[in-house]
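Please open the structure in the viewer and keep the sequence beside it.

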Amino acid sequence: MTLKISVIGTGYLGVTHAVCMSALGFHVIGVDIEPAKIDSLRAGIVPFYEPGLEELLKQELASGRLRFTSEISEIADSDVHFVCVGTPQTETGLAADLTYVNNAIESIASFAKPGSLVVGKSTVPVGTAARLRQRLLELNPEVDLAWNPEFLRESFAVEDTLHPNRIVIGVVTDTAEEILKAVYATNLAEGVPWVRSDLATAELVKVAANSFLATKISFINAMAEVCEASGADVTVLAKAIGYDPRIGSRFLQAGIGFGGGCLPKDIRAFMARADELGVEDALAFLREVDAVNLRARKRMIELVHADLSENLQGKRIAVLGAAFKPNSDDIRDSPALDIALQIFGEGAFVTVHDPKAMTSAALRYPTLAYAPTIEECVAGADLVLHLTEWEVYREIDPLVLKGLVNQPIIIDGRNALNRDLWVGAGWHFRAMGRQTL
Ligand code: UGA
């Protein structure tokens, strides 16, 4: 018998998970409290940009296996309920806001059928799953709870969900593991590593992985600071240390640092939880990771001052990139927009371009100017900032662009442009952690 699956929360994670579970052949119902989201998904429109997802959504809707609803009661005949709601940073502190997760468990408990399994996917502070399981058993003793953290990257979400590099499950009972093995049978057959653990370890794997990734980025950005001060080149340094397989070359791209809806909030929530557990010293380094990351944005502003002047009043600055990373329209905690806003605050005329994130950016920050093309963005600019490394920016012909700007000065905030090409075309080229040419 094919399992019936419900996915509660249709944000980034939830939509991708629902669509991919349907693609694997399950009957899936996606549930969200926001009717607008449900209407959009029913119409085959993904409310954000994620390569390949909308096509797959349309395909799966047409297959008849996938539906969306705002009625939580419709989960009643599902065998597995994936909880994919958000756990944003609280307004007042570093900790994660668990309101949505708590509410989801209360609602699921009212409708889940006996023998069904609730599977948490949201990123939560360690200890949450055990508490939620206890609450669930109080409300509905015939339902079990497992934790199955998600490691998908935005802009590779479909690929990461269909072909994960590992599956981690935190379970209390063997039955829960058996059900999850049925859900992930295709992945298991493909040889994807399967890690069974207790609930706490599964929760920790997720934040530990994101903390490690954040640390790697801040490590290379700290090296960039040292390189700048000593005349060295961080891109060559990263390449050289990356050849050591124990270090690895990925996630060593120095620049304006990490943003998005995960890494920044996850390391902060992890520190907050460590405080509660009385092991704050163990994660003290994450404070430094956060500080190095935010300092990268400040250092970019200093470079802007160095190239133009301390006083940015009336200067025209073109910003290439608004999303927190390429191939995404997500602007949550985007380093690019943070920098754009700061220089705008100092009196510069800032014009932003982004291939996908301009609508969300303009909605959120209407005071910045937005240009529909790269050419219009840089027209008359005193300085160009490359802040999100979209491929279209690497394809720019610097000679052509030079004819459009007021002064050919560019700062590469992502160390992704071909410096020789730009310098050869007569640009004054600055990049983070490298010498200016
Ligand atoms: C991150 C993790 O990579 C995923 O494994 C995890 O599942 C996800 O968070 C999550 O918790 O949901 P994501 O937020 O999509 O994924 O983005 P990343 O690809 O990790 O990039 C994060 C930020 O780091 C971006 O702003 C990116 O520009 C920056 N970055 C990345 C660097 O500055 N340098 C690098 O070398 C790599």
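**Helix 10 and its cover**

Helix 9 is among the elements that cover the buried residues of helix 10. The model is a predicted one, in which local features need pLDDT of at least 70 and side-chain atom pairs count only at pLDDT 80 or more, while totals for chains, interfaces and linings use all residues. Residues are numbered from 1 along each chain as its sequence is written, and side-chain values use heavy atoms, with hydrogens and water left out. Helices (H or I, at least four residues) and strands (E, at least two) are DSSP runs, numbered from the N terminus.

Select helix 10, residues 234–242, in which Val234, Ala238 and Gly242 are buried. These residues cover an arc of only 70 degrees around the axis, which puts them on the same side of helix 10. The arc is that of the directions from the helix axis to the C-beta atoms, and buried means under 20% relative accessible area, exposed over 50%, and partly exposed in between (1.4 Å probe, protein chains only).

**Helix 9**

Next, select residues 199–230, the 32 residues of helix 9. At 1.5 Å a residue, helix 9 should span 46 Å, and its end C-alpha atoms are 47 Å apart, which agrees. The expected span is 1.5 Å times one less than the number of residues.

At the N-terminal end, select Asp198, which caps helix 9: a side-chain oxygen lies 3.2 Å from the backbone nitrogen of Ala200. After helix 9 comes Gly231, whose phi is positive, near 85 degrees.

Now select strand 10, residues 349–353. Is strand 10 largely enclosed or open? Four of its five residues are buried, so strand 10 is largely enclosed by the rest of the structure.

Leu320 has His353 of strand 10 as its bridge partner.

**A buried serine**

Finally, select Ser78, in the loop between strand 3 (66–69) and strand 4 (80–83). Ser78 is buried, with a relative accessible area of 2%. Leaving aside residues up to four places away in sequence, Ser78 touches Lys4, Ile5, Ser6, Ile29, Lys113 and Ser116, where contact means heavy atoms within 4.5 Å.

Notes:
Polar contact = N/O pair within 3.5 Å; in protein donor to acceptor, adjacent residues only side chain to side chain. Pairing = 2+ DSSP bridges.
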